[in-house]
Amino acid sequence: MNMTTAQVEQFMSEPRNAVMGTIRKDGSPQLSAIWFLYREGKLYSYLYNSSAKYFNIRRDPRVTVCVNAAHPDARSVTLFGTAELVSNDTEQYRRLERELALHYHDTAEAAEAYLSGAETQASSAVIVTPHKIISHDYN
């Protein structure tokens with residue numbers, strides 16, 4: 001059964017792991033585990049500029065993101081959309097990086113410790129604008 005828009009919003013608001021699919025130069029899929037935030041119908045994440053997904057998105061911004069609940073919860077949401085990269089020297093990036101760290105860590109101190117270790121890598125934010133969303137609730 002499909003989820004309602006409100007159910008999708010609720011499902012996507014919880015800290016979950018997701019898998020982002022990008023398209024390699026040879027046309028084959030590249031799958032990568034990501035952390036994300038879902039706000040106002042868009043998915044926000046970040047990546048290292050040395051990663052395969054960064055180069056794939058620069059070349060072809062079409063992405064698919066699948067968010068699956070952990071067993072025994074049988075829900076999932078898949079977004080098909082276009083990704084936009086945002087440089088890490090912007091306020092938008094810094095705000096997103098902090099929000100993501102707080103979303104996935106139990107305390108502000110743990111989030112700050114994580115962020116201090118990530119400062120050495122060049123990175124970008126990813127904003128996915130979905131053009132299609134498929135949801136399933138088999139519970």
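Colleague: Helices are DSSP runs of H or I with at least four residues, strands are DSSP runs of E with at least two, and both are numbered from the N terminus. Where is the place of leucine 115?

Modeller: Leucine 115 belongs to helix 4, which covers residues 108-118. This is a predicted model, in which local features need pLDDT of at least 70 and side-chain atom pairs count only at pLDDT 80 or more, while totals for chains, interfaces and linings use all residues. Residues are numbered from 1 along each chain as its sequence is written, and side-chain values use heavy atoms, with hydrogens and water left out.

Colleague: Is leucine 115 buried or exposed?

Modeller: Leucine 115 is buried, at a relative accessible area of 10%. Buried means under 20% relative accessible area, exposed means over 50%, and partly exposed lies in between, using a 1.4 Å probe and protein chains only.

Colleague: Which residues is leucine 115 in contact with, leaving aside neighbours within four places in sequence?

Modeller: They are Glu97, Arg98 and Ala101, where contact means heavy atoms within 4.5 Å. The C-alpha atom of leucine 115 is also 9.7 Å from that of leucine 102, and these two residues are 13 apart along the chain.

Colleague: Let us step back. How many helices and strands does the protein chain have?

Modeller: There are 4 helices and 7 strands in the protein chain. Starting at the N terminus, their order is α-β-β-β-β-α-β-β-α-α-β. With a radius of gyration of 15 Å, close to the 14 Å that the globule rule gives for 139 residues, the protein chain is as compact as a globular protein of that length. That radius is taken over C-alpha atoms, and the rule is 2.2 Å times the number of residues to the power 0.38.

Colleague: What box do the C-alpha atoms fill, and what share of the residues is buried?

Modeller: Along the principal axes, the box is roughly 45 × 40 × 25 Å. Of the 139 residues, 41% are buried. As for contacts between residues at least 6 apart in sequence, 69% join residues at least 24 apart.

Colleague: And how far apart are the mean positions of the positive and negative charges?

Modeller: The mean positions of the 14 positive and 16 negative charges lie 9 Å apart. Lys and Arg count as positive and Asp and Glu as negative, while His and the chain ends are not counted. Each charge is placed at NZ of Lys, CZ of Arg, CG of Asp or CD of Glu.

Colleague: I would like to turn to arginine 16. Where is it found?

Modeller: Arginine 16 sits in the loop between helix 1 (5-13) and strand 1, and it is buried at a relative accessible area of 11%. The side chain of arginine 16 reaches the backbone oxygen of phenylalanine 11 at 3.0 Å. A polar contact of 2.6 Å also joins the side chains of arginine 16 and glutamate 14. A polar contact is a pair of N or O atoms within 3.5 Å; within protein, one must be able to donate a hydrogen and the other to accept it, and residues adjacent in sequence count only if both atoms are side-chain atoms.

Colleague: What about phenylalanine 11: is it buried or exposed?

Modeller: Phenylalanine 11 is buried, with a relative accessible area of 0%, and it lies in helix 1. The residues that phenylalanine 11 touches beyond four places in sequence include Met3, Val67 and Val77.

Colleague: Which side chain does threonine 22 meet in a polar contact?

Modeller: Threonine 22 meets the side chain of asparagine 56, at 2.9 Å. Threonine 22 is part of strand 1 (residues 18-23) and counts as buried at 2% relative accessibility.

Colleague: Finally, which peptide bond is cis?

Modeller: The bond from histidine 71 to proline 72 is cis, with omega near 15°. Proline 72 is in the loop between strand 5 (62-68) and strand 6 (75-87). Glutamate 40 has a positive phi, near 50°, and is exposed at 80% relative accessibility. In general, most residues other than glycine have a negative phi, and most peptide bonds are trans.
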